[in-house]
Number of protein chains: 2
Amino acid sequence: MPADAGPSRLDGITLLSPLSAEERAAVARQCRWRRFHANEQIIDHQGESRDVALVVDGRVRVLSHSPTGREISFDDIEAGGFLGEMAAIDGLPRSASAVALEEGTLIAFLAPRPFQDLVSGHPDLAMAVMRRLCRVVRIATDRVMELSTLGANNRVHAELLRLAKRGRMEGGTAVIAPIPVHADIASRVSTARETVSRVLNDLARDGLVERRADALVVRDLCRLEALVEDVRAGV
Amino acid sequence: MPADAGPSRLDGITLLSPLSAEERAAVARQCRWRRFHANEQIIDHQGESRDVALVVDGRVRVLSHSPTGREISFDDIEAGGFLGEMAAIDGLPRSASAVALEEGTLIAFLAPRPFQDLVSGHPDLAMAVMRRLCRVVRIATDRVMELSTLGANNRVHAELLRLAKRGRMEGGTAVIAPIPVHADIASRVSTARETVSRVLNDLARDGLVERRADALVVRDLCRLEALVEDVRAGV
């Protein structure tokens, strides 16, 4: 364990919160600890490792790449979360890669056997892992539906609506801060960065969104919602 | 419990195989049992039910519909399997619907609370549920990748390759029997039935597939594999 990775460093991992401090310290001793630079690979799609990655500090993006090198991203995991549990559960190859989004991202890697022992010994941890897997299925299922039924423009609208709903509300206006990176939106809805830029420019010209210095503002959330719902309903 | 649904009727449910016969009989008594006609809806996407569905007899398709009514199918569950566990785990609305594929499909519905008790009391059941959720994630993730990176023609090739690999092998030839329904392939790869027919006609003209009275034959599995891999690799 590195000097800055004391036994209490796992106290912020939500999955482990049902454990006692002693149990968490025991898990911490079983982990392999490593800090990563921003953009450094944490899990290699094609690698042999089957460890679970607990995100102690920083932030992690789960992603794959298309044959032409385009990034397809699946989820961003904040400090306190975890990823890579599927290979630890079923022993199959990684379904995606993961990279650090922040400099100094600290990961505690737990091997499949101790992870399975932990989950088997603590039904509440098992339920938490199941709830997280359900969340992953739901996100992927929604995305399959959107890719199957919506065009790229409407997928950008739908992603903007998701970001807006997570943002700060001021009446019917939603403030998304910081300004989302176009390439990030593109990789989340499987389109080109240029498409995202074009769609956002179109929405800005219509007065639906406004670009401030530090935030993207959706000026009429109801209208954006209607735009997405109309297409979803086949209007 | 209906007359034909005795306490031993859950003996074929793989998930419950770690239980004793007595424990399975106790679960059987907690279930609500119902037979379904072919094409009858078992789980309604918009319904309030959060029960797990154990497939005792018959076969079930998990699917959604696009706004224009096109079927998007996710998985077919054989007798002995289960579905609908996500809503029982996280309490959220159904992510998809389910319909019976065979006349007389017999379902045992288990409510969320007894399902959670069962899983919490039996770590091996919990692991089995996790492995099944991982499988669902992996299928959905592959599909997101295919929808994001492959055109409709190549997605039909990829699905044909999956069917061929599950079929009977005769040297480099794979026999897919019965002949897959074009609409089923279309709903699994999110395209139109006409696209599937056109792609299969093209492959037949090239001599890569052959349509027999009772089977679809892939005459050169290596060539089909190369066709799919070349596109995946961006060649």
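Biologist: Why is B:D76 called partly exposed?

Modeller: The relative accessibility of B:D76 is 23%. Buried means under 20% relative accessible area and exposed means over 50%, with partly exposed in between (1.4 Å probe, protein chains only). Please note that the model is predicted: local features need pLDDT of at least 70, side-chain atom pairs count only at pLDDT 80 or more, and totals for chains, interfaces and linings use all residues. Residues are numbered from 1 along each chain as its sequence is written, chains are lettered from A and ligands numbered from 1 in the order in which they are written, and side-chain values use heavy atoms, with hydrogens and water left out.

Biologist: What makes the pair of B:R59 and B:D76 a salt bridge?

Modeller: A salt bridge requires a side-chain nitrogen of Lys or Arg within 4 Å of a carboxyl oxygen of Asp or Glu. In B:R59 and B:D76 the closest N and O atoms are 3.8 Å apart, and 3.8 Å is within 4 Å, so the pair qualifies. B:R59 lies in strand β4 (residues 59–65) of chain B and B:D76 in strand β5 (residues 71–78) of chain B, so the bridge ties together parts that are 17 residues apart in sequence. Helices (H or I, at least four residues) and strands (E, at least two) are DSSP runs, numbered from the N terminus. B:R59 is itself partly exposed, with a relative accessible area of 25%.

Biologist: How do you know whether B:E85 and B:R132 are buried or exposed?

Modeller: The relative accessible area of B:E85 is 2%, and that of B:R132 is 16%. Both values fall under the buried limit, so both residues count as buried. Their side chains meet in a salt bridge at 2.9 Å, N to O. B:E85 lies in helix α2 (residues 85–90) of chain B and B:R132 in helix α4 (residues 123–149) of chain B, so this pair ties together parts that are 47 residues apart in sequence.

Biologist: What makes chain A and chain B neighbours in contact?

Modeller: Contact means heavy atoms within 4.5 Å. By that rule, 42 residues of chain A are in contact with 42 residues of chain B. The chains bury about 3500 Å² between them, 77% of it on carbon and sulfur atoms; buried area is the accessible area (1.4 Å probe) that two parts lose on being put together, summed over both. In chain A, the residues that lose the most area to chain B are A:P67, A:M130 and A:R138, together 18% of what that side buries.

Biologist: How many salt bridges are counted between the two chains?

Modeller: The count is two. In one of them, B:R138 pairs with A:D90, the closest N and O atoms being 2.8 Å apart. Helix α4 of chain A gives the most to the side that touches chain B, with 19 residues. That side divides into 24 nonpolar, eleven polar and seven charged residues, where Ala, Val, Leu, Ile, Met, Phe, Trp, Tyr, Cys and Pro count as nonpolar, Asp, Glu, Lys and Arg as charged, and the others, Gly among them, as polar.

Biologist: Where does UniProt place the feature "domain: HTH crp-type"?

Modeller: The unreviewed entry places that feature at residues 150–222 of chain A. UniProt positions are given in the numbering used here, feature names are shortened, and annotations may be inferred rather than shown by experiment. Over residues 150–222 the chain is 52% helix and 18% strand. For "domain: Cyclic nucleotide-binding", also from an unreviewed entry, UniProt lists residues 15–109 of chain A, a stretch that is 17% helix and 42% strand.
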